[in-house]
Amino acid sequence: MKRMVVIAVAAVFAMVLGGAMLDLPLGAIDLRIPVAANLGESGVSHPVTAVLLNYRGYDTLLEIAVLLLALLAILAVLGETRAATPRAAHPVLQTLVRLATPLMIVVAVYLLWAGAFRPGGAFQAGAVLAAAAVLLHLVGLSPGWNTPRLKLRMGLAAGFAVFLAVAAALLPQGALLRYPPEAAGALILLIESALTLSLALILAGLFLLLSRDEEAP
Amino acid sequence: MTGGLLFALTGVVLFAMGVAGVVLIGHLLRRILAFNLMGSGAFLVLVGLAQRNDVPDPVPQAMVLTGIVVAVAATALALALARKLHALTGHLELPEDADE
Amino acid sequence: MSDPAFQPLVWLILLPLGWSTLAFALGPGRGAWTAIAGLATQLWLAFMLAVKVGAGGTAHAGPDSPMGTAVTHQVGGWGAPLGIDLAVDGLSAAMLLLTQSVALPLAVYARSYFKTGDPAGVWFWPLMGFLIAGLNALFVSADLFNIYVTLELVGLAAVALVAAGGGAQQVAAALRYLFATLVGSGAYLLGVALLYGTYGTVSIATLMPLVSADAPRLVWIAGGLMVAGLMLKTALFPFHFWLPPAHGGAPAPVSALLSALVVKASFYLILRLWLGPLQALLPAFAWLLAALGAAAIFWGSWQAIHAVKLKRLIAYSTVAQLGYLFLIFPLLTHPAALKAGVMQIFAHGLAKAGMFAAAGVMIKATGQDTVAGLAGTVERLPVTLFAFGLAGMTLMGLPPSSGFLAKWQIIEAALAQGHWIIAVVALAGGLLAAVYVFRVLRQAFLLAPEGAMAGGVAAVPRALEWSAFALAAASVVLGLRGVELMQLLGAGA
Amino acid sequence: MTTNELLPLAVLASSLLPGLVIFTLPESWIAVRTTLNLFGAVAKLGLVFLLLAGVHAGGSYGVRFEVLPGLDLALKADALGMLFITLSAILWLFTTLYAIGYLEGAPHRSRFFGFFSLCVTATMGIAMAANLFTFFVFYELLTLSTFPLVVHRGTDKAMKGGTIYLAYTLIGGTALLTGIVWLHHLIGHTEFAHGGIASALGGEYAGQLKIIFLLLIAGVGVKAALVPLHGWLPQAMVAPAPVSALLHAVAVVKAGAFGIVRIVYEVYGVEFAQSLNLLLPLAIIAAVTIVWGSFRALFQDDLKKRLAFSTVSQVSYIALGVALFGPIGTIGGLVHLVHQGIMKITLFFCAGNYAETLGIHKVSEMDGAGRRMPLTTLAFSIGALGMMGAPLTAGAVSKAWLMDGATAAGMDWAIWVLWTSSLLNAAYFLPILWRAWFRPVPAAWPEEHIPQRGLRETAWLLLLPPLLTAAMTLATALFADAAITPLAWARLIAAREYVGLETP
């Protein structure tokens, strides 16, 4: 019964909303113009990266905070548990992964560098690196994580810390995250690189912390 | 009917399905997937509706990138909780709230 | 404040982010002192900000913004709609002040509460830091999408705090809470998406003049979605199902943070939309919200009166007290209504934090969480019980307390507009609150049954008792002098 | 801050601060606690006399704080307030002495005396409130601070009594609050003023004003124990004797009665109330309460319960006096506010003595008590006779003025009410006296705690207060026409209230 009702409601909602979309005039404001107009001072030539790290860089700052928070939350939720003992996969797989890993690292570096002028950037780069780490774990070449030690914690927090520091350091410019046009490119690259490292660790951690032996129920 | 609008309409359908799923599904993993469906729906609407005249708009795209990361974080936490619950109770369903 | 680097509203965000990251780097169970130092500074910053707003606010009266934005900050120097604006008016300044002044005593409380290597406390400090950062960021943000990110920051931190180190019940409660808050922010995000699609901006200030009563249907749907999502996050009846297990099951300091601040954040947002961009649309929903609020008062009180567990009782009382907040919506045309609402936010924030803190002490002392088990505690924990009583006074709306001032203002606003029924509901709610508050006090005054206390109550650190007392006392003292707060709200109105 | 502003605050502080300190004192610090108690009580008395002199000389004392924009917490010491303040201050001193003796060796004394002091502070606040808002604040504080005293013993019975007390007073408080906010909404303020403030509103508000009057009177009527709102009073008897004394003579019921006086005279104004035909209904309710209370008292075997119903009846004399339009009735009512307090506190002190010394709780156990405890019983007899309105007692004075007032107001039926009540009073007090004095001493007392030693029939601290109050009962009557007596003061107030009419 409940099932039917919920589904019906959802369907009606979808129809009404969809219907309302069909006859919609164009928006009063078009941000494409200012985005393009200010690309010069943004320090990057790719509009999405410009929005992501400059115009709306503050969103990204908080977004990284959310990601770090998620890792922290998982640590808090899972508590102390033993790391999984990696189960060695088929040697062929292991060799493949051994070969793939350096390539993935190269790809990551390229993505990071490319982010400035075409799709790419810290998040994509970090994701690729994290994928590499996950692969290494899955084929049994690297263990899962315990509660991270100091070094690892530093690495996890570094990206966010750098971002935060830059944001604060720019306050005397008159506003949070207000890059001076000439230095914008360099600063963004700095942040991006630090983020790549930390994002890679965090994303990998999300997986490697979860893939642990469960304590018996 | 432009491409952008099509995306937006699909997004609406996905969102509706996602919500229904979160409300109805008991199994935690599927429930978490339903939530992701819902999120993707919202993202599609955000991008699609903004470019319903098929001229790409970088702002919503950047927003969606942010949104995706947030969704990833939320999903990871949800999975961790589900896993913990499974470790404690051996089930992947929410127990009845023991109210008194 | 000529120095451009001195920007209280910015530092109120950077500081907690900073110290929570530091606390994380320091490692498990560390960071209490960084947190306390940080929060103390934040309290000072929030105060400076409030002074600034109170002074400058009156100058910036704008017909379009009912509360006249006083202090703004353009992140990246771009300015809306391209960039993200931060804006602090009387309302947000008040919320910031409340957040810091509740968080600081609770930090002191938590420090002694989690001392004994409690697994729940291992990552408490960084989590609390992100929570506070998220709240502050939410209160100052003037950008609907940015607010979505802050909402998630708050939500995830809150869920993690509930689940940390808990058993199956607690984890289950956390999962319920997580799904509720995710669906809530999902609905909000869809609403934002629709608004952006329609108008091409998510800046509150830019949207303000664009949205009018004859807006396309899509905008109405957007408004509905956003408010519905936020109602779910605020646990307004009948969306309250997730709150009692979460707030009742978490460790006392966490319950206090959640009940006092987190649910208020989403309510603040509804208020913000109401007075801001969706001004033209939302009044259509006013009576619906008020009706749900009334239902919440009665249902929540009823459950509290019958709750077996002490913290369940307090959690249900939160459900009821949140109901009061929604009574103001039909009255918002009268300035007293907003003031009543904010006074209630402060009253409940301080009192409920104090009450949960006191409950935590009693539970630590008696070693169990039932109302029945409190018999005789008055002899063992006079300070704590006094704190509970003072907090109770505020919740019942008895004078002299901030709760009383809130009740007074809401009744007067209701009479001024001839909305009898709201006054009646508010008064009835006060009596119901008395029933469950005195249910606890009576039990505590009873003579301890022979042998029940034979084991004696465990000794409790002074810091616990007195930080609980400080919060409860603050909720009463505010009732003796609410003028400045009310003027702060009036800033620019 | 000038002295005129500080003095009222000092009067509050003189009981508030000791109270707060006492809360923190360890149980064993008896000497410190006692000193603080007495110091507070004596200091308050001194301050009150300073005020009294100042007010008599026509000085104006007051202070106000802004709580919300347009809402002030305001204190003022006027003639009417001083009547109540002086009464409470004096009786508080006696009650404190008595309580120290009564609770010797009992547990939780720090808590007890802490709330005890808060309770008196609240009473002072009620007396000095300059507007209804302030009045309400202290009125509710009184409720809260008396609850722990009522349930002090922590037994289930005490809890039951305390809960009923709370239920009545909190609901009453809600009605009162509704009335106050409504009035505040109509007039914009709730300041007390001679001749009232409600008359400022036009005739079209008459209907609303009547409803508000009902709400306000219902609110204060609960504490004043007007029938049918009196149910809590007999239940609250579970409290220790000093608390009963406090409830019945000094604080709670008096606060209610005083509230009625303020509302009729300084919110509505007696002429305006008369013009709205509000006084007659009030008088009728008061009359019903008087008779009903006395009637119920007849059938109570429990001594304190009998006294409780007698209080129900006696307090309404005040309401009746207020409701009798005209200065003479007013004087009767006001003077009874004081006299009833003195007499009733005597009776409760004595009841407490019987219970503490011989374990006597019931009237049927009183046989021969007079032989064993002559002094206590003497005091009790004076109090009882006063209640009946026998000549040469305070009761006689107030009754005389009330009856004249009734005649002056042309409400002769009220005289019959008073006579009936007097007869009933005699009917339920005389048997007690007869048993105590003339019945033989029983073989054994229910449970004798304090053995006799010569003249010392019980602990001195228990004996002195009732003797003193009994003496006052006579004195107020014998020297009724002296310069400074309750009567003289009541006349002064009446003179200030009825500016128009000449006063006797």
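Buried residues make up 62% of the 504 residues in chain D. A residue counts as buried if 20 or more other C-beta atoms lie within 10 Å of its own, as exposed if 12 or fewer do, and as partly exposed in between, with C-beta atoms placed from the backbone. Before I go on, a word on what we are looking at: this is a predicted model, where local features need pLDDT of at least 70, side-chain atom pairs count only at pLDDT 80 or more, and totals for chains, interfaces and linings use all residues. Residues are numbered from 1 along each chain as its sequence is written, while chains are lettered from A and ligands numbered from 1 in the order in which they are written.

Let's stay with chain D. Along the principal axes, the C-alpha atoms of chain D fill a box of roughly 70 × 55 × 45 Å.

Now for contacts. Two residues are in contact if their C-beta atoms, placed from the backbone, lie within 7 Å. Take the contacts in chain D between residues at least 6 apart in sequence: 79% of them join residues at least 24 apart.

D:V270 sits in helix α11 (residues 270–275) of chain D. Is D:V270 buried or exposed? D:V270 has 24 C-beta neighbours inside 10 Å, so it counts as buried. Leaving aside neighbours within four places in sequence, D:V270 is in contact with D:V264, D:Y265, D:F325 and D:E497. The C-alpha atoms of D:V270 and D:G195 are 6.8 Å apart, although 75 residues separate the two along the chain.

Next, chain A. Chain A has nine helices and zero strands. The box filled by the C-alpha atoms of chain A is roughly 60 × 60 × 35 Å along the principal axes, and 45% of the 217 residues count as buried.

So who touches whom? Four pairs of chains touch, and the most contacts are between chains A and C. There, 46 residues of chain A are in contact with 51 residues of chain C. Which element of chain A gives the most to that side? The answer is α5(A), with 14 residues. By class, the side of chain A that touches chain C has 33 nonpolar, seven polar and six charged residues. For these classes, Ala, Val, Leu, Ile, Met, Phe, Trp, Tyr, Cys and Pro are nonpolar, Asp, Glu, Lys and Arg are charged, and the others, Gly among them, are polar.

Chain D meets chain C as well, with 23 residues of chain D in contact with 24 residues of chain C. On the side of chain D, α6(D) gives the most, with 11 residues. That side divides into 14 nonpolar, seven polar and two charged residues. Chains A and D, however, do not touch, and their nearest C-alpha atoms are 37 Å apart. Chains B and D do not touch either, with 25 Å between their nearest C-alpha atoms.

Let me finish with the inside. In soluble globular proteins, nonpolar side chains tend to be buried together. A nonpolar core here is a set of buried Ala, Val, Leu, Ile, Met, Phe, Trp, Tyr and Cys residues joined through C-beta atoms within 7 Å. The largest nonpolar core has 548 residues, and B:L77 and C:A160 have the most contacts inside it. Helix α6 (residues 168–199) of chain C gives the most to this core, with 21 residues. Setting aside neighbours within four places in sequence, C:A160 is in contact with A:L72, A:A73, A:A76, A:V77, B:L77 and C:L127. Have a look for C:A160 and those partners when you next turn the model around.

Methods
Helices (H or I, at least four residues) and strands (E, at least two) are DSSP runs, numbered from the N terminus.
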